[in-house]
Every structure is written in C-alpha cells, then in structure tokens.
Amino acid sequence: MITRDQLQTHLRDLLQTDRFRDYAPNGLQVEGKAEIRRILTAVTASQAAITAAIDWQADALLVHHGYFWKGEAPQVVGLKKRRLAALLAHEMNLFAYHLPLDQHPELGNNAHFAKHFACEAVWQSAEEPLIWHARIAPTTLPDLLAQLEGGLEREPFAVGTAADPLTHIAWCSGAAQDFLQQAADEGAQAFISGEYAERSYHEARETGTVYISCGHHASERAGIRALGEHLAATFGLQQRFFDEENPF
C-alpha cells in the first residue's frame, strides 16, 4: 500500500516531470482514494480503461495519455463528462505522464523501442532530444519491418527508399512524423514513429529516407506497462495492464 501523495512524489522524482514543457499536466489529474493498493495501467484514459479499472476495483488508473490537453475545449460535456463522472463516482485516481514517460532512459517508450533492434549504439539528437538514433547491425528493410511486427504485434508499413543495408535508424514514439526531416538531416536512413501525415509520403521520398509508421498506440504500450511493473516491484502494489485493439 502507498498513499496517493507518496505515489505522486515518487513518480514526479522518477520521471523528472519538472524538466518538461508538455501539452498536458503530468501527475495527478483526478483525485481519488487516499490509499492505493491496486493500479491499472493503460496507454489512454479511455472509457474502456476506466471501466476496466472500476471492474478490477483498482484505486488508481495510470496512463500515458490523460486529459486537459492544451487547445482542447474546456467544457465538461459529452464523453469528457462521462469519463470524469465515472472516475469521481468511484474515487478513482487518474495519473498521467506524457513526455516524461516517453523519455525516461530505462522505462520510457523510446528506450524500449531500442529493444526491437540489434543496436550497437543508441543516442539522442543534440538538437531535438525526442529523436532517438541507433547504429544497428546491417539489416534489410523487410527484416527491420519483421522485427517491428514481432515486437509490437502490429504490422508496420513503410514508404520511401534507402540503400540496403540499413545501419543507421532513428525513431520517436507517438505522433512524431514531423521529425522525419530532422532525423534525415542527422543521417538516419529510416525514421520510425507511430503516426503519419499525408505529407510524410512526399517527405520520405524526397529526402531519400524510409518512413515507417507502426501505430501511435502500439508504439507506446511498453512504457506504461514497464512503469506499472516498476511500481509493483518497488511498493508491492497489485498492477494490471489493460490493452485495447487500437489500430491507430
């Protein structure tokens, strides 16, 4: 068992949330029970994740994608009202960590991404640290895609061309398609992310860099799952990961 405040302090220090200027608040977003024994983790605080947490009688829902994003409508109506009403009615704490979870050097989404490949060296871009690079053992594009599909349980797709073998790749989980040009400028032969835009097709072809999309959700399962396992091992909490068949 851990108190809500102790958990928030631990996660703030572990993920170094004060280092990040983010698009949503990191930490406790909805206050619930003061004591926490069970935590359900999920990529997104969807209605399905909330229902799963309630059904499992969790004390907290811990996610990567929470609420209160910059630029969103402030009105508490519709699905936002229904989600918040369910959390409050069951005194369910909602904790959310966005960029801090992407970037943690051991538990983070981008750190876990390196495990899909035979990496000989891994580093972050000096200009944009959200871009991670790796020198890999020489690999063909079909083999690289097969490694991703096996690790993410989702078939990725690629556009653009690059000379085989691939030895320098870059990635950023989630919606990071706009980092393609920067990754190419830094020497990456292929750039991997979750989402894509219409312009990604043209940018990949015109920069001579392969762009690989593997799904926003699929690219960000690993970090929140690892964070839940860390909390269970550290504090003896019960934890469970809730997944959804989200193709996006």
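How does Asp-243 count at 31% relative accessibility, buried or partly exposed? In this predicted model, Asp-243 comes out as partly exposed. Its salt-bridge partner is Arg-221, and the closest N and O atoms of the two sit 2.9 Å apart. Asp-243 belongs to the segment after β13 (238–241), while Arg-221 is part of helix α10 (residues 221–235), so this contact ties together parts that are 22 residues apart in sequence. Arg-221 itself is buried, its relative accessible area being 14%.

On the accessibility side, Lys-33 is partly exposed at 29%, whereas Asp-59 is buried at 10%.

Next up are Lys-80 and Glu-72, whose side chains meet in a salt bridge at 3.2 Å, N to O. In this pair Lys-80 is buried, because its relative accessible area of 17% falls under the 20% cut-off. Glu-72, on the other hand, has a relative accessible area of 33% and is partly exposed.

Finally, there is a group of three to look at: Arg-4, Asp-5 and Glu-31 are joined up in a network of salt bridges.

Conventions
Residues are numbered from 1 along each chain as its sequence is written. This is a predicted model: local features need pLDDT of at least 70, side-chain atom pairs count only at pLDDT 80 or more; totals for chains, interfaces and linings use all residues. Side-chain values use heavy atoms; hydrogens and water are left out. Buried means under 20% relative accessible area, exposed over 50%, partly exposed in between (1.4 Å probe, protein chains only). A salt bridge is a side-chain nitrogen of Lys or Arg within 4 Å of a carboxyl oxygen of Asp or Glu. Helices (H or I, at least four residues) and strands (E, at least two) are DSSP runs, numbered from the N terminus.
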